[in-house]
Amino acid sequence: MPDYKVKNPKLATQGKLQIEWAHMHMPVLNQIKQRFEKEKPLKNLTLGACLHVTKETGVLMGTFLAAGAHVALCGSNPLSTQDEVAAALADRGVNVYAWRGQTNEEYYWCVNKVIDQKPNITLDDGADLVTTLHTKKIKATAKIKGGTEETTTGVLRLRQMEKKGALKYPIVAVNDAYTKYLFDNRYGTGQSTLDGILRATNILFAGKTFVVCGFGWCGRGLANRARGMGAHVIVTEVNPIRALEAAMDGFQVMPIERAALVGDVFVTLTGDTSIIRKEHMQKMKDGAILANSGHFNVEIKIPDLEALAVSKRTIRPNLEEYTLKNGGKLYLLGEGRLINLASAEGHPSEVMDMSFANQALSVEHLAKNQKLKPKVYDVPKEIDETVARLKLRAIDIEIDDLTKEQKKYLSSWEEGTI
Ligand SMILES: NC(=O)c1ccc[n+]([C@@H]2O[C@H](COP(=O)([O-])OP(=O)(O)OC[C@H]3O[C@@H](n4cnc5c(N)ncnc54)[C@H](O)[C@@H]3O)[C@@H](O)[C@H]2O)c1
């Protein structure tokens, strides 16, 4: 019997159906799973994972079980666990510690339960597992061969650890693979953020002024999709190159201070802190909606909103109304946590197929390679290209191969204007 703690083990049947549905849309991971089933590359290894417990994560965990690993899993956000998936995974033999709606204390209790399983390889989304290990359980890092990191914010934290000499074992930055961020962050976050806002509010986007804070990979995806639904999109940025790109993509670009006056919906996706603060909230239109899709719930300064409000009530799930001293109302979605996971189901399976194929192959890479140093590594190019080729094949797209002549031409320098 595996050790686990989930909300309701009776939800397992429902969870299995969800995982089955995701499985159907994850052909690349399925092919990897079939190979893992035969080769058992993770035999006798314990994996400790801190990931959003969604149906797609369910498929990834099944892939690791097929590879012969023992798996312990906790959620990587207090509001993102799909309870039926957690129940199904517990039923399949995963040591899962996750439920939706955790306190901070419960969240870290679960992270520590995963560490207690003495993992040989860690998988993180936001680096909370790695930081807990490095700050509170440093001895446990001695047994760890390596780890992977799923998201931009986690990679940023890990690169800082490497720079300061604090990192004790190698990490593969899965987020930075082309077949991850170009698709997952852009199309996945773009679509699922809108999905989360719609499920919380059911508002019409057409004609609304929609403010996207941060024009990174996630922000680009969201801005384009919001425009596609008829919103008038404003972008705020601090990076001059990205701001210019947004302007030339046809978005209006301005500081948050000005955008605060005109926006109907605000979404932060910067990986930074305190993007929307008191001075902005005070200027906003009555009825403005605030949501975050960046990793942590620090992008909208919620303590400022609490301080400005005279009252607060829950209108419907994931929709909190704050009445300000001036009588105006602001609406906060999903407690300022990643709205696509708090209020919807996270990214669609088709993009998680590629992100998690990178995870599976990177874990295999760590298991096979003993000589990696405690640094942050890119996903090997061969893995990235394998994932792209498998995905193309799965969606029935053929591409050209370089001819001999083209290979020679591209690797020479003598031939110029003729
Ligand atoms: N919701 C999800 O499912 C999901 C998925 C992937 C990534 N993420 C998270 O979303 C965040 C963004 O990820 P990304 O890959 O787009 O990162 P990115 O680094 O590509 O983009 C972030 C952008 O925000 C800008 N920025 C930083 N501070 C700002 C400020 N004060 N005002 C305006 N813009 C500012 C940066 O200049 C940059 O262009 C991260 O926290 C990441 O972990 C969430």
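Leaving out neighbours within four places in sequence, threonine 153 is in contact with Gly271, His295 and Phe296, where contact means heavy atoms within 4.5 Å. Threonine 153 sits in helix α7. Helices here are DSSP runs of H or I with at least four residues, strands are runs of E with at least two, and both are numbered from the N terminus. Threonine 153 counts as buried because its relative accessibility is 11%. Buried means under 20% relative accessible area, exposed means over 50%, and partly exposed lies in between, with a 1.4 Å probe and protein chains only.

The model is predicted: local features need pLDDT of at least 70, side-chain atom pairs count only at pLDDT 80 or more, and totals for chains, interfaces and linings use all residues. Residues are numbered from 1 along each chain as its sequence is written, and side-chain values use heavy atoms, with hydrogens and water left out.

The protein chain contains 17 helices and 15 strands. Its radius of gyration is 22 Å, which agrees with the value near 22 Å for a compact globule of 418 residues. This radius is taken over C-alpha atoms, and the globule rule is 2.2 Å times the number of residues to the power 0.38. Along the principal axes, the C-alpha atoms of the protein chain fill a box of roughly 75 × 65 × 45 Å. Of the 418 residues, 54% count as buried. The accessible surface of the protein chain comes to about 19,400 Å². Carbon and sulfur atoms account for 52% of that surface. Accessible areas come from the Shrake-Rupley method with a 1.4 Å probe; for residues, only the protein chains shown count as cover. Among contacts between residues at least 6 apart in sequence, 70% join residues at least 24 apart.

The ligand has 26 residues around it. Thr151, Thr152, Thr153, Glu237 and Asn340 come nearest. A residue is near a molecule if one of its heavy atoms lies within 4 Å of it. By class, this shell has seven nonpolar, 16 polar and three charged residues. Ala, Val, Leu, Ile, Met, Phe, Trp, Tyr, Cys and Pro count as nonpolar; Asp, Glu, Lys and Arg count as charged; the others, Gly among them, count as polar. Helices α7 (152–163), α8 (178–201) and α9 (217–228) each supply at least two residues of the shell.

Oxygen atoms of the ligand take part in several polar pairs. A backbone N or O atom of tryptophan 217 lies 3.1 Å from a ligand oxygen. A polar backbone atom of cysteine 218 is 2.9 Å from an oxygen atom of the ligand. For asparagine 340, a polar side-chain atom lies 2.8 Å from a ligand oxygen. Taken alone, the ligand exposes 860 Å², and the protein buries 87% of that. A polar contact is a pair of N or O atoms within 3.5 Å; within protein, one must be able to donate a hydrogen and the other to accept it, and residues adjacent in sequence count only if both atoms are side-chain atoms.

Helix α10 (residues 240–248) is capped at its N-terminal end by asparagine 239. A side-chain oxygen of asparagine 239 lies 2.8 Å from the backbone nitrogen of isoleucine 241. Glycine 250 follows α10, and its phi is positive, near 95°.

Two asparagines also have positive phi. Asparagine 44 has phi near 70°. It lies in the loop between α2 (27–39) and β1 (46–50). Asparagine 44 counts as exposed because its relative accessibility is 70%. Asparagine 318 has phi near 65°. Its place is the loop between β12 (309–316) and β13 (319–324). Asparagine 318 is buried, with a relative accessible area of 18%.

Leucine 73 is in strand β2 (residues 70–74). It counts as buried, at 0% relative accessibility. Beyond four places in sequence, the contacts of leucine 73 include Ala49, Leu51, Met61, Leu89, Val96 and Val114. Leucine 73 and histidine 52 are 21 residues apart in sequence, with their C-alpha atoms 9.4 Å apart. Leucine 65 belongs to helix α3 (residues 55–66). At 22% relative accessibility, leucine 65 counts as partly exposed. Leucine 65 touches Val71, Arg92 and Val94, not counting residues up to four places away. From leucine 65 to glycine 93 the separation is 28 residues in sequence and 8.6 Å in space, C-alpha to C-alpha.
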